[in-house]
Amino acid sequence: MAAVQVSQLRGVLTVNGASSQHNSKTADLARSVSTRTVPALCFSKSRGWGCSVNASPLLLSRQDSRQNCCARPVQTAELRSDVPDAEESFHVQQHDVEAGDCAMQWKSYTGDSARVENPMLERLNMREMNEGDMWREECGVVGIFGDPEASRLCYLALHALQHRGQEGAGIVTSDNGTLHTVTGMGLVSEVFDQSKLAKLPGSATIGHVRYATAGASVLKNVQPFVAGYRFGSVAVAHNGNLVNYSKLRAELEDTGSIFNTSSDTEVVLHLIAISKKRPFLARIVDACEQLEGAYSLVFLTEDKLVAVRDPFGFRPLVMGRRSNGAYVFASETCALDLIEATYEREVQPGEMVVIDKHDGETSLCLLPHKQRKACIFEHIYFALPNSIIFGRSVYQSRYEYGQILAEEAPVECDVVIAVPDSGVVAALGYAAKANVRFQQGLIRSHYVGRTFIEPSQKIRDFGVKLKLAPVSHVLKGKRVVVVDDSIVRGTTSTKIVRLIKEAGATEVHMRIASPPITGSCYYGVDTPSTEELISSRMGVEEIRKVIDADSLAFLPLERLRGIVPDEAHTFCDACFSGDYPVPPRDLVKDKEELQKPVLALVEGYEGKFESAAIFKKSWTPPDLEPAGVTH
């Protein structure tokens with residue numbers, strides 16, 4: 001796609017190849033934009049500039065930033081617009097662009113134009129069959145600065161984070177003042193190949209893998225987002241969820257902003273674009289001061305990589321270095337391990353880390369400190385066992401959860417098995433504490449594709465049987481303890497218990513390595529509504545009867561907190577306790593999106609739009625479920 005051509009720099013903002021003017025002629029978009037693009041972002045034409053950041057951030061040396069976000073205050077002049085050399089140090093372009101000049105030199109490649117089918121429709125239709133009723137992390141982010149093979153390293157790092165999102169992936173690189181981007185639907189290996197990576201030159205990059213709600217599973221929502229505004233271009237990738245998204249979007253739309261996506265990340269770009277602060281870092285500060293909720297962000301400009309974490313530190317974000325000095329940011333340390341980067345530290349809550357070729361690493365205290373509220377479910381389910389999350393080994397945490405279950409809910413049994421993969425480590429801990437053999441009683445298929453042809457004669461529990469195969473040799477005639485990470489709706493647990501009993505087990509005892517989930521998460525996790533959570537409506541004994549287990553026990557919340565007694569108050573366990581650190585506002589945002597048609601900008605459609613109405617299924621009690629129906 002050719003670089004976007006606009007006639008004037010001021011008052012124009014472009015994103016992913018679209019351009020719009022903030023005036024009565026919004027519909028008259030720049031005619032030079034490809035027909036495959038759609039209206040995206042616009043902002044106020046006010047040329048006023050703020051002189052300083054409202055609350056002066058704190059500047060850290062590299063040594064100080066490893067430990068905390070407290071050091072000397074930045075002198076006001078360092079972020080003021082009246083500093084003579086501010087334009088040079090931050091490479092801000094203030095001049096107007098002559099008619100016909102190219103204002104933003106970034107390019108977008110969106111894949112094979114020969115594809116004429118929406119690659120996500122089948123995935124959406126098969127989601128419940130593929131994934132049951134498990135919770136799903138929405139995304140993972142990567143940022144790399146200072147490596148000549150940045151895009152390929154980002155590609156590998158995204159592979160390592162694939163478990164955090166499987167519906168879309170994207171990479172943006174910076175090369176000689178140009179931002180190059182490739183995004184697509186599907187797994188990382190499906191989106192990128194050698195030809196795509198060849199279109200991503202440069203030594204700095206950010207990447208993103210995404211899991212979205214059904215109504216938002218379209219190409220236009222795949223990150224990173226790339227936007228051009230008055231003084232350059234910026235790309236952003238986001239892990240988290242803004243609880244005041246609807247409020248911010250309504251305010252921006254009231255002032256004339258046009259939204260092209262249903263992603264809350266787009267709000268961040270709007271806030272940066274309309275900010276009157278300067279330079280660019282001050283705009284980020286100004287934007288983040290208006291955000292509420294969870295956000296771990298990575299920004300890429302022509303010469304900088306910026307990593308930001310919200311003041312509560314809900315979602316993880318770590319920093320590492322490669323042997324050649326390149327900086328790496330990622331949602332989990334497993335991504336650092338794959339590309340041979342050494343873990344250095346977490347990005348602290350409320351911190352902004354800036355990497356550029358001139359000043360190296362700089363740390364700013366972005367926002368006032370809050371009490372850290374790191375998501376405990378990262379340790380229970382989301383993160384890989386080989387990751388270090390919030391300074392603690394995920395493997396160690398899950399192993400201890402299993403040991404506590406064995407102490408709290410012992411039962412006479414012959415074998416301990418796990419629901420793979422997230423229940424394995426907890427099952428090992430349970431078996432070790434109970435002095436009972438651990439064996440693989442369920443084998444997970446790692447090759448389940450997008451589409452399945454079911455026989456005309458319906459197969460009961462078809463979706464679960466595709467993923468999990470019981471080992472009769474292990475189960476037949478045995479009293480079995482089954483360890484899983486959580487129970488969400490209860491539908492999958494019902495089918496697993498039935499599967500094990502049909503394989504010959506005489507007793508099935510479910511042990512859950514987390515407390516009962518009684519509330520939805522509003523901080524960056526795709527969760528069912530509270531009404532759909534079985535533990536919000538039923539007690540343990542009632543749930544046991546529904547799933548037809550011989551016994552059922554959950555990890556007590558007090559024991560979960562007791563694993564790190566001195567740090568328990570620094571973790572968010574709102575899904576168990578109902579104690580939300582940031583009051584959730586957009587309680588029905590996702591539901592409303594799911595109930596109305598969405599316009600899907602599909603890769604390869606050459607500007608053609610496809611409209612598809614996607615509706616959310618209602619929950620059916622397992623004991624009333626017709627044979628062959630999966631959730």
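# Burial, salt bridges and strand pairing

Reader: Why is glutamate 407 called partly exposed?

Author: Glutamate 407 has a relative accessible area of 40%. A residue is buried under 20% relative accessible area, exposed over 50%, and partly exposed in between (1.4 Å probe, protein chains only). The value of 40% therefore places glutamate 407 in the partly exposed class. This is a predicted model, in which local features need pLDDT of at least 70 and side-chain atom pairs count only at pLDDT 80 or more, while totals for chains, interfaces and linings use all residues. Residues are numbered from 1 along each chain as its sequence is written, and side-chain values use heavy atoms, with hydrogens and water left out.

Reader: What makes lysine 433 and glutamate 407 a salt bridge?

Author: A salt bridge requires a side-chain nitrogen of Lys or Arg within 4 Å of a carboxyl oxygen of Asp or Glu. The closest N and O atoms of lysine 433 and glutamate 407 are 3.3 Å apart, so the pair meets this limit. The two residues lie 26 residues apart and link distant parts of the chain, with lysine 433 in helix α14 (residues 424-434) and glutamate 407 in helix α13 (residues 394-408). Such helices are DSSP runs of H or I with at least four residues, and strands are runs of E with at least two, numbered from the N terminus. Lysine 433 is partly exposed, because its relative accessible area is 43%.

Reader: Which parts of the chain does the salt bridge of aspartate 573 and arginine 561 link?

Author: The closest N and O atoms of aspartate 573 and arginine 561 are 2.7 Å apart. Aspartate 573 lies in the loop between β29 (571-572) and α20 (574-577), and arginine 561, twelve residues apart from it, lies in helix α19 (residues 557-562). Aspartate 573 counts as buried because its relative accessibility is 9%, whereas arginine 561, with 34%, is partly exposed.

Reader: Are arginine 489 and glutamate 532 buried or exposed?

Author: Both arginine 489 and glutamate 532 are buried. They form a salt bridge whose closest N and O atoms are 3.4 Å apart. The whole structure holds 21 salt bridges.

Reader: Why is helix α10 said to be largely enclosed by the rest of the structure?

Author: Nine of the nine residues of helix α10 (residues 280-288) are buried, so the helix is largely enclosed by the rest of the structure. Among them are Phe280, Arg283, Asp286 and Cys288. Cysteine 288 has a relative accessibility of 1% and therefore counts as buried. Cysteine 334, at 4%, also counts as buried.

Reader: How many disulfides does a search of the whole structure find?

Author: The search finds zero disulfides. A disulfide would be a pair of cysteine sulfur atoms within 2.5 Å.

Reader: How many bridges join β7 to strand β9?

Author: Seven bridges join β7 to strand β9 (residues 204-210), and these strands run antiparallel. Threonine 173 stands opposite threonine 205 in β9. Seven of the eight residues of strand β7 (residues 168-175) are buried, so this strand is largely enclosed by the rest of the structure.

Note on methods
Pairing = 2+ DSSP bridges.
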